[in-house]
Amino acid sequence: MEAAPPLASSQSRFFSSSFSTSSSPSSTPFILHRNFHRTNLKFKSRTLSIRCSGAADNVVTLLDYGAGNVRSVRNAIRFLGFDIKDVQTPEDILNANCLIFPGVGAFAAAMDVLNKKGMAEALCTYIENDRPFLGICLGLQLLFESSEENGPVRGLGLIPGVVGRFDSTNGFRVPHIGWNALHTVKDSEILDDIGNRHVYFVHSYRAMPSNDNKEWVSSTCNYGDNFIASVRRGNVHAVQFHPEKSGDVGLSILRRFLYPKSSTTKKPGEGRASKLAKRVIACLDVRTNDKGDLVVTKGDQYDVRENTGENEVRNLGKPVELAGQYYIDGADEVSFLNITGFRDFPLGDLPMLEILRYTSENVFVPLTVGGGIRDFTDANGRYYSSLEVASEYFRSGADKISIGSDAVYAAEEYIRTGVKTGKTSLEQISRVYGNQAVVVSIDPRRVYVNAPDDIEFKAVRVTNPGPNGEEYAWYQCTVNGGREGRPIGAYELAKAVEELGAGEILLNCIDCDGQGKGFDIDLIKLISDAVSIPVIASSGAGVVEHFSEVFKKTNASAALAAGIFHRKEVPIQSVKEHLLETGIEVRM
C-alpha cells in the first residue's frame, strides 16, 4: 500500500491568493420496483481494506447529479491530493475504483435523475459488489427503501428503513443545523480519528436505527431521538453529516476513506463533544469601494462610509483572506453579504462568485451568501428566476443562500392572500435544494408604542423604555438595506417565511448594528420563541459576555458578529472559551 502523505491542515495550506477587482417513519410496508427490492442483500464481510484510488491514477470518481454545492467536496478531495473523474454514464460508476456520492438537495429530485440516467441500477450493483463507496448526506438517505420527503418516494432499497422528518413538536428545531456529536456503535474505520469532536449536520430528514438495519449502523447522533449518523458494511460507507464542511475533523474522515489503514494520519486534537453546539458565525459585508475593489466593510446602523472629508467606504480587509483567517480562528460558519452587488444583473456579478470559489478551496466550514437573490430580467429582456441565481451561487461554493427584501415581499403577499403560489424565491429554492439551504435575513427597526394594542403587529414589552417612556415596541421590517420600511413586523414575517420554506432566520437589528452594546434580547427572544426553525442572532455584539447572554436568555441557535472580529477587538477563540466557561457547548 502506498504511504499516505500527512494530513494538510488549514493553516499549512493557506491562502496565498487574495481577490481584488475593479414526522415519524411510516409503518406501512413500501413496495419497491423490482430492480430496487434489495433489502435482503447479503454482503460478504471483508477484513481487507482497499485503497480507495487506484495507485497509478490517484483518481476519485464523483457522482454529481447537478444539485447543490458539490464544489466543497471537490475542493476537499483535491486538498487531500486526489484528482476527480466525473460520472457521465452508468458505466463510469461500474468502472470506478473509488466512488463518492455527495447527495445534495431533495430526495425525489435525486432519485428522478438517477433513474432517468440509468445510474440507480449501476449504483446498486457497485455497492452490492462491496466496492469502495462513500455517500454523503442525501447520499446516505438514498440508500434506504424510501423517504417521506414529498413522498413517499422510493429509494435504492439497499438498507432497510424509511427516511422520515424530524419531529419538531418536542421543542427541537428543524432543520437540524450545526455541529453535533457522534456516538460510535461499531468499528467504522473512517471515524477512527474524530477524537470526540463535533461534525457538521444540515438536514430535515433522517433514518432511524432498527433491528432490520442494525448491521449497517456504525454511529448515531442524538437530536430529539438517536438517528443514524453513519453506516458501514465492508468497503461501503455513508454519513449523514458533511465531512467536507467539518473542518480538520471532516478532512480526517475523508482521508481515512481515501487511505484506509494508513498509520501516518495526523489526528485532530481530542474534543469534548456531547450534543449540538451553539454556533459562532463570522459575517463579511462585501461591497465595491470607490476605487472599484471588493472589500469587507462594516456599517454603523447600516452606514458603511467613514465620517471623514473623503467619506470613503470603510475598508476592513480582503474577503478571501479574512474568511480564511476566520476559518483558522475557529468560526463555525462564514457568511458573505454582498451589500451592493446584483442590483441590475445578478449573474453578471462575477467578482462575488469568484470570492466564493477562491474561499471554498481552503475553507471547510459552511459558507452562506446573500444579496440580490431574486427574479430579474436583464437589459436584453431575458428573464432569470431566483432559482437560477441561487444555483449559480451553489455551484460557486455556497452551502446556503440568504434572501432579504424578496422574502419580505413574498411574506406580505402570502399574509394578504393566504396562498402559496410556489413561485416565490423561498418556495422555488427550498423545493429544489431543501429548506435547510435557505436563510431569510430580517432587517427590522424598533418602533416604540405605549401599548401593544396601539399597533396591528406583534409588540412586546421592552427591557429599556423608549425616549418618551414607552414600555412596548414592535419591530418594523425594512428592505433595500434598511432604507425603506414595510407594513409588516418581524414576528409576522418570521412566521410567514417559515411556512413558505425558510430553513433558518438571520435576525438583524438596525438599532443595535455597530453599537457594541449587545444583541437585542427582546427581539431575539420574540422571534426564536415564535418559530421552530433555527434563529441566528445578529447585530450589537461588543464583548464576549454578549454571546453568553444571548444564548442563555433566548433560544437562538447561533450568534453572528462582524466588526469586532474584523477589528480584532474580540477574537473568535476568546468568545468560544468564554462560552465553555459558562457551560455553553461550542465546537473547539
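The model is predicted, so to speak of local features we need pLDDT of at least 70, side-chain atom pairs count only at pLDDT 80 or more, and totals for chains, interfaces and linings use all residues. Residues are numbered from 1 along each chain as its sequence is written, and side-chain values use heavy atoms, with hydrogens and water left out.

**Exercise 1. Describe how helix α12 packs with helix α13.**

Step 1: Find the helices. Helices (H or I, at least four residues) and strands (E, at least two) are DSSP runs, numbered from the N terminus. Helix α12 covers residues 490–500 and helix α13 covers residues 521–530.

Step 2: Look at the geometry. Axes are lines fitted to C-alpha atoms, for helices over the stretch in contact, and angles run from 0 to 180 degrees between N-to-C directions. Here the axes are 10 Å apart, at an angle of about 30 degrees.

Step 3: Name the arrangement. Angles under 35 degrees count as roughly parallel, over 145 as roughly antiparallel, 65 to 115 as roughly perpendicular, and the rest as oblique. α12 and α13 are therefore roughly parallel to each other.

Step 4: A crossing is left-handed if the near helix is turned anticlockwise from the far one by less than a right angle, and right-handed if clockwise. α12 passes α13 in a right-handed crossing.

Step 5: List the partners. In this contact (heavy atoms within 4.5 Å), A490, Y491, A494 and K495 of α12 meet L523, L526, I527 and A530 of α13.

Step 6: Sort them by class. Ala, Val, Leu, Ile, Met, Phe, Trp, Tyr, Cys and Pro count as nonpolar, Asp, Glu, Lys and Arg as charged, and the others, Gly among them, as polar. The contact of α12 with α13 has 7 nonpolar, no polar and 1 charged residues.

**Exercise 2. Now try the pair α14 and α16.**

Step 1: Helix α14 spans residues 544–553 and helix α16 spans residues 572–581; their axes come within 9 Å and cross at roughly 50 degrees.

Step 2: α14 and α16 are therefore oblique to each other, and their crossing is right-handed.

Step 3: On the α14 side the contact uses V544, E545, F547, S548 and F551, while α16 supplies S574, V575, H578 and L579.

Step 4: The residues of this contact between α14 and α16 divide into 5 nonpolar, 3 polar and 1 charged.

**Exercise 3. Describe the largest cavity and the second largest pocket.**

Step 1: On a 1 Å grid over the protein atoms alone, a cavity is a set of points where a 1.4 Å probe fits but cannot get out, and a pocket is an open set with protein on both sides within 12 Å along at least five of seven lines; lining residues have an atom within 4 Å of a point. Grid points are joined across faces, edges and corners, and a volume is the space filled by probe spheres set on the points.

Step 2: Take the cavity. The largest cavity holds about 310 Å³ of space. Of its 24 lining residues, V104, C137, V202, H242 and Q436 are the closest to its centre. β10 gives the most to the lining of this cavity, with 3 residues. By class, the lining of the largest cavity divides into 10 nonpolar, 9 polar and 5 charged residues.

Step 3: Take the pocket. The second largest pocket has a volume of about 570 Å³. It is lined by 28 residues, and F172, Y223, K275, L276 and K278 lie nearest its centre. β12 gives the most to the lining of this pocket, with 4 residues. The lining of the second largest pocket has 12 nonpolar, 10 polar and 6 charged residues.

**Exercise 4. Where are P152, P175 and D130 placed?**

Step 1: Recall the background. Most residues other than glycine have a negative phi, and most peptide bonds are trans.

Step 2: G151 and P152 are joined by a cis peptide bond, with omega about 25 degrees. P152 sits in the loop between β5 (144–147) and β6 (153–154).

Step 3: V174 and P175 are also joined by a cis peptide bond, with omega about 15 degrees. P175 sits in the loop between β7 (159–165) and β8.

Step 4: D130 is not a glycine, although it has a positive phi of about 60 degrees. D130 lies in the loop between α4 (119–128) and β4 (133–137).
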